[in-house]
Amino acid sequence: MSQPFAKLPAWADYGLIPLVNLIVAFLVAGLVVLLVGENPLQAAVLMVKGAFGSGQGIGYTLYYATNFIFTGLCVAVAFHCGLFNIGGEGQAYLGGLGVSLVCLAVGNLLPWWLTFPLAILGAALAGALWALIPAWLQARRGSHIVITTIMFNFIAASLMVYLLVGVLKPAASQAPETAVFGPGGQLPQLGWLLQMFGLKVRSAPFNVSFLLALLSAFLVWVLIWRTRLGYEIRTLGLSPRAADYAGISQTKIIIITMMISGALAGMMALNPIMGAQHRMQLDFVSGAGFVGIAVALMGRSHPLGIVLAAILFGMLYQGGAEIAFDMPNISRDMIVIIQGLVILFAGALEHMFRPALQRLFGRIAGSALRAAPVTTGESH
Amino acid sequence: MDAYVTLIQLLDSTIRLSVPLLFACLAGLYSERSGIFDIGLEGKMLAGAFAAGTAAYLTDSAMAGLLAAVLVSVLLGLVHGFASITHRGNQIVSGVAINFIAAGTTVILGQAWFRQGGRTPSLPAAARFGDLQLPGAEALRDVPVIGYIYSELISGHSILVYLAFLMVPFTWWVLQRTRFGLRLRAVGENPAAVDTAGISVPWLRYRAVICCGILCGLAGSYLAQAQGAGFVKDMTAGKGYIALAALIFAKWRPVNAMFACLLFGFLDALAIRMQGHPLPLIGEVPVQFMQALPYVLTVVLLAGFIGKAIPPRAGGVPYVKER
């Protein structure tokens, strides 16, 4: 027989393995930095400094993190149901349409605290509807959700370009973007929150939607682990056959899960559109939907993990922008590499280091057994 | 006569635009027929194009560019294989990872090495695959109807175009008439049966992934060395996903794959040509609509409204040998 595989303790399973995967991903990213002739350690220091060294840096870091919390939750909810929603990008893009329509309609009439709930509704609804068709196709026609959501990303991109260069663009404007929203369509900044800690935020667009993101993370936790629907989602994700025997309707759960997932992605649009730009610009999602995949994998689909992973990616985004000043060879595209490596090592190669760690733990446990006076003779 | 010329020119650009799709589609066909889903066609193509642009520029040799493209693409394919065959990771996650790694690395390295905003320097003629004139193309040009088709549509493409279309019958032959092909198809449907016959499932799948890498490399080389003159940032622009769509459209068959790619290439060519030309009755069709059409068609197909596309049965499932 091979060596006895010890079951890993929970802290190793949920802490050590992701950490090892993450470290390997960053080591490989460091190799790329070396390849372009810069010092990886120095790059890391610059990055952390750029992200957390100033109040403005922290503001931007949390601003980006807000996007990634939403998209990370979007991917994670679908993961729990055994679905891989690559369509976060398109769903977020459509979410922007929902936000913009609400803000353009009532931005000049209502105060922000009345517009905000409507905009949340608009964003969530638009995102959910964009996820509905792939969900229905998966549930009823068996079309693979990965392929359909990818296709819907492209369709969303074409649709939004069409709308932004045509219908939504104010006649006087040249740029493909909507008109600037009225004061009711602009979310208050959260700079004062950081100022309480003595930080100067300056122009960082850190805003109220961050709090909404945290609330959403909590609600997703409640949904997945504390409600009947969450139980059914997880059952279906772990074993479709068991779910079938338990009388859980696959069609219903798949469609509901995907709509929740799409709604979360759609709500991401609140942050850049209502919180920062106060108008919808072409390609405002700029990959946040895809970052969500890495965030969900790294956070192991747990809301707490997702918030932490989102802050890490927010740091990479902000730090990556700062780093470009000191190291011209490194641009923000470095993040795309890191993102890919995190997806590779924390996702696809998730179990690469597990056998080695299990052997290690088995050996430690084994030697502990031998050291202690054990009554049973068959330790090996 | 004018409409005729327009039509032939439209078909000519259809062929040019469908070649990268065809290479990538056939690449995906090898991989997916063996049971390994590959979302990473896009990334492999992109990395291949970058390698082709870089190597061809540095060596001034078209062949060197092509070999570099194939090499890099195969290496990425092996990463995919390592994750999804050896470590039984999620194939889709792995493919997505490869796309990001390729998208980021090509820009970072391109900017660091050449400082032209992520593109490689434009290639001289010697480092590209130029258009070939088939024998008699000039002489036959004036023969009515057929002469123009021969000289404009069939002749005058780069060698990679002919290679791409030759790969179609070749792939059919490999899959249907060779031992390797039979086993490849078997391992995608029922790996346990292949294993029982004493054939290594991982080795077979690795070979399929390598075939996939080679073809994606050729697609990349075509983009950078035949269609364009050098690598441009994000030059695949979703072609890998269209190829994936074409593969599903073709129901994982080589000859169908060619027609699917030609169809998507035609839509692309039509979209370019129709820009600013209003149609009778309908008026001007928005270019975005034409761009979205391949994706819409694929979704409609996937929904089972135009026949049913049934993927290889073991696709996406890592093989675990029973103990």
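Predicted model: local features only at pLDDT ≥ 70, side-chain atom pairs only at ≥ 80, totals over all residues.
Chain A contains 16 helices and zero strands. Its C-alpha atoms occupy a box of roughly 85 × 55 × 40 Å along the principal axes, and its radius of gyration is 23 Å, which agrees with the value near 21 Å that a compact globule of 380 residues would have. Of the 380 residues in chain A, 53% are buried. When contacts in chain A between residues at least 6 apart in sequence are considered, 77% of them join residues at least 24 apart.

Within chain A, the packing of helix α13 (residues 288-298) against helix α14 (residues 303-326) was examined, and the axes of these helices were found to lie 8 Å apart at an angle of about 130°. On the side of α13(A), the contact is formed by A:V291, A:A294, A:V295, A:A296 and A:M298, while α14(A) contributes A:I306, A:A309, A:A310 and A:F313.

For chain B, an unreviewed UniProt entry lists residues 6-29, 64-85, 92-114, 154-175, 255-272 and 292-311 under "transmembrane region". Residues 6-29 of chain B are 100% helix and 0% strand, with end C-alpha atoms 33 Å apart. Residues 154-175 of chain B, by contrast, are 82% helix and 9% strand, and the C-alpha atoms at the ends of this span are separated by 27 Å.

Between the chains, 36 residues of chain B are in contact with 38 residues of chain A. On the side of chain B that touches chain A, at least two residues each are supplied by α3 (62-86), α4 (91-114), α10 (239-249) and α12 (287-302) of chain B, and the most is given by α4(B), with 15 residues.

Two of these contributing helices, α10(B) and α12(B), also pack against each other, at an angle of about 35° and with their axes 10 Å apart. The crossing of α10(B) with α12(B) is left-handed. This contact involves B:I242, B:A245, B:I248 and B:F249 of α10(B), together with B:P294, B:Y295, B:T298, B:L301 and B:L302 of α12(B).

Conventions: Residues numbered from 1 in each chain as written. Chains lettered and ligands numbered in written order. UniProt positions renumbered as here; feature names shortened; annotations may be inferred. Helix = DSSP H or I, 4+ residues; strand = E, 2+ residues; numbered from the N terminus. Rg over C-alpha atoms; globule rule 2.2 N^0.38 Å. Buried ≥ 20, exposed ≤ 12 C-beta atoms within 10 Å, placed from the backbone. Contact = placed C-beta atoms within 7 Å. Axes fitted to C-alpha atoms, helices over the stretch in contact; angles between N-to-C directions. Left-handed = near helix turned anticlockwise from the far one by under 90°.
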